[in-house]
Each structure stands twice: as structure tokens, then as C-alpha cells.
2 protein chains.
Amino acid sequence: MVQRYFVDKEQWSEQYVSVTGEDVHHISRVMRMAPGDEIICIKKDDQLAASCEITAIENRQVLCRIVERLEENRELPVDVTIVQSIGKGDKLEQVIQKGTELGAHSFIPFQAERSISKWDESKARKKVNRLEKIAKEASEQSQRSHIPEVSLPVDLNHLLDTAEEFDVKVFAYEDEARAEDFHSLADHFAHVKEGMRILVVIGPEGGFSDREVSQLSAAHFETVRLGRRILRMETAPLYYLSSVSYHFEELR
Amino acid sequence: MVQRYFVDKEQWSEQYVSVTGEDVHHISRVMRMAPGDEIICIKKDDQLAASCEITAIENRQVLCRIVERLEENRELPVDVTIVQSIGKGDKLEQVIQKGTELGAHSFIPFQAERSISKWDESKARKKVNRLEKIAKEASEQSQRSHIPEVSLPVDLNHLLDTAEEFDVKVFAYEDEARAEDFHSLADHFAHVKEGMRILVVIGPEGGFSDREVSQLSAAHFETVRLGRRILRMETAPLYYLSSVSYHFEELR
């Protein structure tokens with residue numbers, strides 16, 4: 001498979017792309033490529049991918065000639081931001097890796113009341129750096145044109161502020177799977193239109209606290225059922241994203 | 001949350017359930033329960049759950065009185081068997097844990113031509129034991145009434161024999177995500193009816209070999225697209241199962 005690299009918009013001209021940063025090392029040392037070899041460059045956040053021929057490898061840049069623009073659209077028709085409660089072990093890593101493959105637009109770690117571990121500022125910075133790297137790699141692997149952002153963790157107040165920018169706000173509430181008059185995911189999608197921005201909040205292992213449930217509800221977050229079974233916190237966002245893809249890409 | 005235990009059919013009478021085996025230790029030692037405490041017993045493969053009161057704890061059995069039969073249906077309306085190629089590290093464990101939460105009926109490990117690791121007979125037995133344990137725990141966690149079976153690994157010939165018992169046979173083929181005239185998952189679901197048995201084959205990291213693709217196609221396996229992005233081998237079955245749940249449980 002041809003190697004793919006994300007390249008900032010500023011590095012593109014009409015006929016050439018200049019690859020800089022860590023990817024120079026990857027192209028010249030790791031992949032041992034040479035002038036004449038082919039790579040695919042993806043213009044960040046621009047849905048544009050191009051097949052390119054390497055014309056020169058220098059210390060700080062790899063210069064490439066655009067051979068052909070590729071028609072590719074790998075992005076979900078709606079922007080889904082996953083607010084994932086901080087949980088045990090490497091759950092957040094798993095969610096970001098697989099959630100990126102499944103098309104998430106961005107991720108916000110959430111310090112929930114019942115989150116078992118707590119991130120202080122320096123831990124948070126380190127963690128987010130690592131999570132951003134995972135998102136970048138997963139994005140390349142799944143051949144997307146967008147790399148999901150990962151923000152610093154937020155608390156409930158900060159989350160409620162952020163929520164105002166979104167068209168649709170939901171939270172996955174375990175009891176919904178048990179309720180008789182549950183709110184099905186299909187009812188929820190029925191009022192989502194292409195291009196909308198959705199915020200999905202996933203609770204921690206111990207579930208949301210009563211205070212969180214009442215504040216999310218007061219801020220007009222809907223609850224949805226994600227099938228009949230009780231899902232682990234790291235499985236719920238994958239179900240949601242898969243269903244968005246199925247509904248908006250496959251069902252059409 | 002009330003603890004849940006799977007109990008074989010033979011252990012049920014009209015008014016009582018006798019819990020035996022390892023669960024006796026779990027109830028008496030790990031959970032330190034006593035007569036009068038409540039547990040939920042699930043009759044294996046019978047969609048029946050009952051709220052029970054412990055009446056006696058003995059060395060080899062815990063005797064419980066049935067207080068109330070619970071109406072619960074947590075099983076997918078179609079039976080999905082996931083044939084998962086043997087891959088690197090703990091990918092199969094991940095698929096079985098999360099695939100069970102998402103409602104899979106059973107799992108068959110597949111020794112694909114390009115599977116990176118190879119299981120000999122003694123390794124296979126050990127692995128399958130461990131995988132069965134993971135399926136049982138995930139099934140309890142997600143409050144299902146069925147524990148997915150995990151079979152010993154099969155090769156292509158064995159797989160083609162097994163396939164004859166199924167109503168619908170598909171394989172996830174990476175190139176489908178790139179094809180212009182792809183076969184969408186919704187087209188595929190359009191001819192699946194409730195109660196049908198589906199066999200889904202997921203390739204290894206390096207993809208199916210040409211020989212595997214041609215033999216699966218000759219045996220009337222369809223290919224399907226699972227959204228626009230390229231999914232890792234351990235993410236593909238989760239997408240498929242989530243979409244089955246969305247389509248047959250939520251969309252209705």
C-alpha cells in the first residue's frame with residue numbers, strides 16, 4: 001500500500017507539496033524512499049488527497065510533485081464529538097484509536113464525578129499528547145483526511161459551556177436499555193441532518209451521578225438507547241459511531 | 001446492581017434454583033452473601049431470568065427461591081456468528097469481549113493464510129478456554145441470557161463446510177470501502193429476516209489471500225462495505241454487530 005502523509009495547507013502550491021517535520025525522517029530513513037517514489041499527501045482538513053512523486057529529499061523537507069488529485073471522501077456526513085469519561089487503564093486510548101477509525105470528529109476527556117482516576121494538569125498534558133498521537137496514527141491507518149482533535153479534560157461546568165456550540169446533544173444512560181418506553185437511537189437520528197454537530201457524552205464505569213444526570217437533562221441533553229444490552233463505557237461510543245456511519249453512509 | 005448468575009436448565013424446578021460449581025464460591029466467599037440476599041438467576045439459553053432469594057448456602061450448592069420471573073430480552077433478533085482471523089496480540093480477546101457485549105451468538109477463530117501467529121492443538125485448547133471465560137464474563141456484564149460459544153480454530157476447508165448451515169454468509173473485504181459500486185451494508189440487511197443465522201468472516205491484518213477471496217466468493221459469500229473508512233480487523237466485527245443492533249432493534 002502507498003504511504004500516506006498529512007500535510008498542512010500552507011505546504012501546498014498548485015503543483016508541489018513540501019513535506020516537513022517528522023515525516024521527513026519517516027520517508028527518508030524508515031521507508032528509505034528515494035526521488036521517483038510515490039506517496040499520497042493529504043491536505044489537512046480539506047478533503048483533498050493527491051498521489052505525488054518525490055522529486056527531492058533534503059534534510060528538512062521532502063519535495064513532491066502532484067501527479068493526480070484523488071477523489072476521496074472518508075469523512076462522516078455529520079461531525080461527532082465524543083466526550084469520554086476518564087476511566088480505568090487504557091480505555092481512553094482504545095476509544096480514541098477505534099473511534100477515530102469509525103469517523104469521530106474530535107474527543108473531549110471528561111473528569112466525571114465517579115471517574116476512578118484523576119488527572120492533574122501535568123498528567124493531563126502528557127496524556128493528551130499521547131492521545132493526539134494515537135488519533136493521528138489511527139486517522140492515517142483508516143485513510144481519513146481529518147485528524148480528530150483531543151482536548152484537555154473538562155469538568156461538568158466546562159462541558160455545559162462547550163455544549164452550547166452543538167446542534168445535538170446526547171448522553172448514553174445505562175437505564176435507557178432497561179426502560180420500557182426507551183428513546184431509540186433511530187428516533188434520535190430522525191432529527192439529525194447532514195452537516196450537524198453532535199456531542200455525545202459517555203459516563204464512567206460507575207455511571208453518571210444524579211447531579212450529572214439532572215444537569216445534563218436541564219441543559220437539553222437527550223438520552224438514547226444503544227441496543228438492548230448494557231455496554232461497557234469503551235464500547236458505547238463505538239456503537240454510536242458505527243450506527244451513525246450505518247445510518248448516514250450505508251442506509252441512505 | 002444485583003449479581004447475576006447463569007444456571008443450567010437442569011438446576012431449575014418450579015419454585016427453586018440450585019446454583020452449583022464455581023458460582024457457589026463467588027456467592028459465599030467473594031460477595032459474602034447470606035440467606036435472605038437477592039440474586040438474579042438466568043436459565044441458560046432460555047431467555048428466562050428470575051429474581052431469587054437465597055435460602056441456604058451449602059458447600060456445593062446455593063439454594064434459591066424464585067421470587068419473580070423477569071421479562072427480559074437482550075438477544076439480537078438474528079444470530080450472528082463471527083469468524084475472526086487469528087491476529088496479533090490480544091485482538092481476539094478484544095473482539096470476543098466487545099462482540100459479546102454487542103450481541104454476537106458465537107465465535108469461530110480462523111487460521112487464515114496470512115494470519116501472523118499459528119496455533120497448534122495444545123495452544124488452541126488453552127486459548128479457547130480463555131476466550132470462553134471472556135465470553136461468559138462479558139455476557140454477564142451486558143446482562144445477556146446467552147453465552148456465546150467459542151469453537152476451536154478452523155481452516156478454510158472446515159469453514160466452507162460449516163458455512164452450509166447458515167442462511168446468510170458475508171465477508172468484510174477491505175477493497176469494498178474503496179470501490180465505486182460497493183455493496184452497502186443496508187442492501188445486505190434488506191434480505192436478512194429475523195431469526196436468520198448469519199456468518200461473518202473477518203480477514204487478518206494482511207487481508208485475505210486471493211485464494212481465500214475466490215473460494216469464499218465461489219461458496220456464495222457476499223462482500224459488504226462497513227462504512228467509508230478502512231477498519232482494523234478487530235474493529236470490523238464491532239461495526240457489523242452495532243449495525244445489526246441498530247437496524248433490527250433500534251430502527252424497526
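## Ground rules

Buried means under 20% relative accessible area, exposed means over 50%, and partly exposed lies in between (1.4 Å probe, protein chains only). This is a predicted model, where local features need pLDDT of at least 70 and side-chain atom pairs count only at pLDDT 80 or more, while totals for chains, interfaces and linings use all residues. Residues are numbered from 1 along each chain as its sequence is written, chains are lettered from A and ligands numbered from 1 in the order in which they are written, and side-chain values use heavy atoms, with hydrogens and water left out.

## Salt bridges within chain A

With a salt bridge taken as a side-chain nitrogen of Lys or Arg within 4 Å of a carboxyl oxygen of Asp or Glu, the count over all chains comes to 27. One of them pairs Arg144(A) with Glu75(A), at 2.7 Å from N to O. Arg144(A) sits in the loop between helix H3 (121-141) and strand S8 (149-150), and Glu75(A) in the loop between strands S5 (62-70) and S6 (79-85), so the pair ties together parts 69 residues apart in sequence. Helices (H or I, at least four residues) and strands (E, at least two) are DSSP runs, numbered from the N terminus. Both ends are tucked away: Arg144(A) is buried at 1%, and Glu75(A) is buried at 9%.

Arg130(A) and Glu93(A) also pair up, with their closest N and O atoms 3.6 Å apart. Here helix H3 is linked to helix H2 (residues 91-101), 37 residues apart. Glu93(A) is buried at 12%, but Arg130(A) is partly exposed at 49%.

## Across the chains

Glu249(B) meets Arg228(A) in a salt bridge of 3.7 Å, N to O. Glu249(B) lies in helix H7 (residues 236-251) of chain B and Arg228(A) in a loop of chain A, so the pair joins two chains. Glu249(B) is buried, at 1%.

There's a network too: salt bridges link Lys91(A), Glu205(A), Glu234(A) and Lys98(B).
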